[in-house]
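Please look over the structure below. The report after it covers strands, a helix, aromatic rings and backbone angles.

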Amino acid sequence: MKKRKLITILIVTVLCVIVVVGVIANAVYRRIFEPNVLVGGGEPFYLYVADTGGFSALKDSLYVNNLVADKSAFEWVAQRKGLSSGVKSGRYEIVPNMSNNELVNLLRSGKQAPIKLTFNNIRTKEQFAGRMAEKFDFDSIELIDLLNDANFLKQYQKTPETAMSLFIPNTYLIYWNTTPENFIARMKKEYDAFWTGKRSDQAKEMKMTVDEVVTLASIVQEETNKNDEKPRVAGVYVNRLKSNWLLQADPTLKFALGDFTIRRVLDTHKEIESPYNTYKYTGLPPGPICMAEISSIDAVLNYERHNYYYFCAKDDMSGYHVFEASLAKHNINARKYRDALNRARIYR
């Protein structure tokens with residue numbers, strides 16, 4: 001009788017232990033593997049983790065954005081999987097219904113979601129650096145300093161004047177926590193790929209360096225935003241270069257003056273002392289006056305062969321130009337355009 005009673009107690013005890021272990025195991029399983037990430041609208045959320053602040057800053061970012069349902073469960077898993085002492089900076093894609101295990105594994109792995117970077121319509125280093133600082137985890141001054149550092153740029157065969165030719169306006173996938181140095185190195189790889197092959201051969205056929213092509217392309221781009229007209233504008237400047245004429249490109253004066261709001265170039269503007277003043281100095285300026293886009297670069301490489309040496313904006317204000325080989329005819333067109341500016345009350 002006593003033996004049966006002991007067996008019964010033993011069985012009940014074992015069952016109780018199994019139940020308790022099961023409950024604990026279930027609780028642990030739920031803490032680790034059940035969904036614990038809240039992302040509204042069913043769309044991914046991109047979490048930016050800086051290189052400073054550690055686990056405390058990471059928790060703040062998660063909690064401020066209401067991404068974690070059970071905070072204590074997340075922290076419990078994070079501590080046991082080593083995230084609390086090994087936070088990696090980056091931009092992470094947080095998707096709905098992730099478990100603590102998935103979230104911790106992602107943040108611990110450093111497996112980032114790259115940024116889709118697109119840039120164009122840029123004139124100066126300062127403008128470019130400012131836009132990049134909005135996209136990446138570095139300060140604009142850091143990038144500007146590198147683009148003005150002659151010793152740093154030597155490795156890329158660039159100078160502070162030609163540094164902007166390194167950047168080809170396009171769309172790229174780049175990690176958010178890239179350094180300014182690594183960003184420039186990546187852009188150099190894209191630059192090399194762009195200039196390998198046909199384009200490089202075309203530049204050589206024109207007896208121009210890549211930097212010279214890009215500089216001319218920047219002038220063409222500032223002269224017209226009409227892609228179908230760019231090869232013809234490029235042809236005018238190529239003719240002037242071959243004839244050793246002054247380029248007399250109004251956009252170079254705006255760059256020299258640092259004033260891109262000028263809509264009407266006056267004789268006083270042409271007096272500025274600057275190597276970018278193509279009304280005073282023959283040949284191309286020291287470097288590009290804006291970040292030349294692919295359409296402008298290709299327009300120069302495939303410039304239109306013609307006998308035009310002059311062009312002037314049309315007086316219909318369409319943005320297109322009229323081209324002439326004769327200075328006398330050009331002066332007539334220029335007078336018509338000046339009259340159109342006067343009618344529009346554009347005096348500067």
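What follows goes through selected local features of this structure.

The model is predicted: local features need pLDDT of at least 70, side-chain atom pairs count only at pLDDT 80 or more, and totals for chains, interfaces and linings use all residues. Numbering starts from 1 along each chain as its sequence is written, and side-chain values use heavy atoms, with hydrogens and water left out.

Helices (H or I, at least four residues) and strands (E, at least two) are DSSP runs, numbered from the N terminus. Strand β5 spans residues 310-313 and is covered on both faces. Tyr-310 and Cys-312 are buried on one side. Phe-311 and Ala-313 are buried on the other. Here buried means under 20% relative accessible area, exposed over 50%, and partly exposed in between (1.4 Å probe, protein chains only).

Strand β6 (residues 321-324) runs antiparallel to β5, and 4 bridges join them. Two strands pair if DSSP finds at least two bridges between them. Within β6, Phe-323 stands opposite Phe-311. Arg-232 lies over the face of Phe-323, 5.6 Å from the ring centre.

Helix α11 covers residues 230-242. Its 13 residues should span 18 Å at 1.5 Å a residue, and its end C-alpha atoms are 18 Å apart, which agrees. The expected span is 1.5 Å times one less than the number of residues. Buried residues of α11 include Lys-230, Val-233, Tyr-237 and Arg-240. The buried residues of α11 pack against α10 (210-223), α13 (294-301), β5 and β6. Contact means heavy atoms within 4.5 Å. After α11 comes Asn-244, with a positive phi near 60°.

## Aromatic rings

The whole structure holds 19 aromatic pairs. Rings of Phe, Tyr and Trp (its six-membered ring) pair if their centres lie within 6.5 Å; planes under 30 degrees apart count as stacked, over 60 as edge-to-face and the rest as tilted. Two of the pairs are tabulated here.

| Pair | Centre to centre | Angle between planes | Class |
|---|---|---|---|
| Tyr-48 and Trp-176 | 5.1 Å | 75° | edge-to-face |
| Phe-128 and Phe-167 | 4.6 Å | 50° | tilted |

Tyr-48 lies in strand β1 (residues 45-49), and Trp-176 in the loop between β4 (171-174) and α8 (180-195). Their pair therefore ties together parts that are 128 residues apart in sequence. Tyr-48 is partly exposed at 38% relative accessibility, whereas Trp-176 is buried at 10%.

Phe-128 sits in helix α5 (residues 125-135), and Phe-167 in the loop between α7 (150-153) and β4. The two are 39 residues apart, and their pair links distant parts of the chain. Phe-128 is buried at 0% relative accessible area. Phe-167 is buried too, at 2%. Both belong to a cluster linked by ring pairs, together with Phe-119, Phe-136, Phe-138, Tyr-172 and Phe-183.

A charge also meets a ring at Tyr-63: the charged end of Lys-71 sits over that ring, 4.9 Å from its centre. The criterion is NZ of Lys or CZ of Arg within 6 Å of the ring centre and within 35 degrees of the ring normal.

## Positive phi

Asn-97 has a positive phi near 65°. Asn-97 lies in the loop between β2 (90-94) and α4 (100-109) and is exposed, at 55% relative accessible area. Arg-345 has a positive phi near 60°. Arg-345 is found in the segment after α14 (327-343) and is exposed, at 68%.
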